[in-house]
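I opened my notebook for an afternoon of looking things up in one structure. Here is what I wrote down, in the order I checked it.

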Amino acid sequence: MNIETKSELPLYEVFIRSKNGLDHKHVGSLHASDAEMALTNARDVYTRRGEGVSIWVVKSTDIVASSPEDRGSFYEPSDDKLYRHPTFFELPDEVGHL
Amino acid sequence: MDVIDQEHDELETAFQAKVEAEQRIEPKDWMPEKYRQTLIRQMSQHAHSEIVGMLPEGNWLTRAPSLKRKTILMAKIQDEGGHGLYLYSATETLGISRDEMFEQLHSGKAKYSSIFNYPTLNWADIGAIGWLVDGAAITNQIALCRCSYGPYARAMIRICKEESFHQRQGYDIMMTMAQGTKEQREMAQDALNRWWWPTLMMFGPNDANSANSAQSMKWRIKRQSNDDLRQKFVDATVPQAEFLGLTIPDDKLAWNDVRGHYDFGEIDWEEFKAVVKGNGLCNRERLQARVDAHDGGKWVRDAALAYAAKKADRKAKAA
């Protein structure tokens, strides 16, 4: 990264709830000097046509993410517990819907 | 073959299989370095095009014929700015900073769509841009909604939803002028004459001469070839011009019953190359306007950062 990067405004990730009853969903990112500016910029960039009723902004550097390379071992503990899925159990047809 | 090479080949094979299975590639997934570079080039150029694309239209903002037209044009230009931001944001997920992208644009290293190096001479040009240029952009962008790179595809879906407003506002201007006075009809025809060929150039070189196309198709960055997309655009646009009572400036344009498509004339590729090289009518002016805007906004960014630092400092002291 070059020197100028240091003066770049921090990056924020933007999450929007499109209507009550739905989850906030990641929509993209933007640069802003602080959280307040991030919120108003998110409104201008991502909700010009009533796309949201609630916005979250999070500094990108504050997000901790799992890594795709570890996907196998990371999720392994649940992979061998097939009995967590209802299809694991065989039901006689006579029982009908359960 | 040593172990590292072999591992790399395996990763690449797995990557290609994933792409062919129509699974999306996400930012932290392994990807071939050339795939990353190709995307950075294409996506940043796409972002730059949205931002530079605001300039020809901005030229007519203060001279729009009515307050209604002016507010609509303002909203359209704001959308273009938004589209640029969606795309810059998506490109940053590939590990390039916003400042680096600006630097590449300002130094001339990164290109933007050549169409924006043509001047907007009168109000009819605003209609022609919305109708033709945005129409061509939509044709390109709909194909990109299924691009293999997740963040790019998602940005394209968001953009496509907004673009149809742009094309309709352009066609609305053209309809009004085409149904207007003799002078207004002539202005509409003149705008179509000047914008038709540059619009067809937006789809890029013919497939046979497009160096990067084959690899991009293989990686499913590109989903349809330049010539296919160009044909699609011509087929869709000819009836729209007929409805306006305007004539597309191409003697060779004719319906081909056998192909089920319109045949059309050859693009002036010398002009295309000259404009890409930087010798279009407005290349220097457009770039200068971008550099001035970025430099002129520096004190605002600095002040905002200083204010944020001061606030954080005060908060820390109070705690």
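This is a predicted model: local features need pLDDT of at least 70, side-chain atom pairs count only at pLDDT 80 or more; totals for chains, interfaces and linings use all residues.

**Helix against helix**

I started with a contact in chain B: Leu39(B), Gln42(B), Met43(B), His46(B) and Glu50(B) in α2(B) meet Tyr152(B), Met156(B), Ile159(B) and Glu163(B) in α7(B). I sorted the residues of this contact by class and got 5 nonpolar, 2 polar and 2 charged.

Next I looked up how the two helices lie. The axes of α2(B) and α7(B) come within 13 Å, and they cross at roughly 25 degrees. Angles under 35 degrees count as roughly parallel, so I put α2(B) down as roughly parallel to α7(B). I also noted that the crossing of α2(B) and α7(B) is left-handed.

**Another partner for α7(B)**

Then I turned to α4(B) and α7(B). At what angle do the axes of α4(B) and α7(B) cross? I found roughly 160 degrees, with the axes coming within 10 Å. Anything over 145 counts as roughly antiparallel, so α4(B) went into my notes as roughly antiparallel to α7(B). By class, the contact of α4(B) with α7(B) has 12 nonpolar, 4 polar and 8 charged residues. The crossing of α4(B) and α7(B) is left-handed.

**One residue, Arg36(B)**

I went back to helix α2 of chain B, where Arg36(B) has its place. What does Arg36(B) touch, leaving aside its neighbours within four places in sequence? I wrote down Met31(B) and Leu94(B). I checked Thr91(B) too: Arg36(B) and Thr91(B) are 55 residues apart in sequence, yet 9.7 Å apart in space, C-alpha to C-alpha.

**The largest pocket**

The largest pocket came out at a volume of about 1600 Å³. I counted 50 residues in its lining, and Glu13(A), His26(A), Val27(A), Gly28(A) and Arg154(B) lie nearest the centre. Which helices and strands each supply at least two residues of this lining? From chain A I listed β1 (11-17), β2 (24-31) and α2 (71-79), and from chain B α4 (67-92) and α7 (150-178). α7(B) turned up again here, giving the most to the lining of the largest pocket, with 7 residues. By class, I have 20 nonpolar, 13 polar and 17 charged residues in the lining of the largest pocket.

**The second largest pocket**

Last entry. The second largest pocket has a volume of about 1300 Å³. Its lining has 47 residues, with Gln45(B), Asn140(B), Met202(B), Phe203(B) and Gly204(B) nearest the centre. Several helices of chain B each supply at least two residues of this lining, among them α2 (33-52), α4, α6 (123-144), α7 and α8 (182-201). Which one gives the largest share? I found α6(B), with 8 residues. The lining of the second largest pocket divides into 20 nonpolar, 17 polar and 10 charged residues.

Conventions: Residues are numbered from 1 along each chain as its sequence is written. Chains are lettered from A and ligands numbered from 1 in the order in which they are written. Side-chain values use heavy atoms; hydrogens and water are left out. On a 1 Å grid over the protein atoms alone, a cavity is a set of points where a 1.4 Å probe fits but cannot get out, and a pocket is an open set with protein on both sides within 12 Å along at least five of seven lines; lining residues have an atom within 4 Å of a point. Grid points are joined across faces, edges and corners, and a volume is the space filled by probe spheres set on the points. Helices (H or I, at least four residues) and strands (E, at least two) are DSSP runs, numbered from the N terminus. Ala, Val, Leu, Ile, Met, Phe, Trp, Tyr, Cys and Pro count as nonpolar, Asp, Glu, Lys and Arg as charged, and the others, Gly among them, as polar. Axes are lines fitted to C-alpha atoms, for helices over the stretch in contact, and angles run from 0 to 180 degrees between N-to-C directions. Angles under 35 degrees count as roughly parallel, over 145 as roughly antiparallel, 65 to 115 as roughly perpendicular and the rest as oblique. A crossing is left-handed if the near helix is turned anticlockwise from the far one by less than a right angle, and right-handed if clockwise. Contact means heavy atoms within 4.5 Å.
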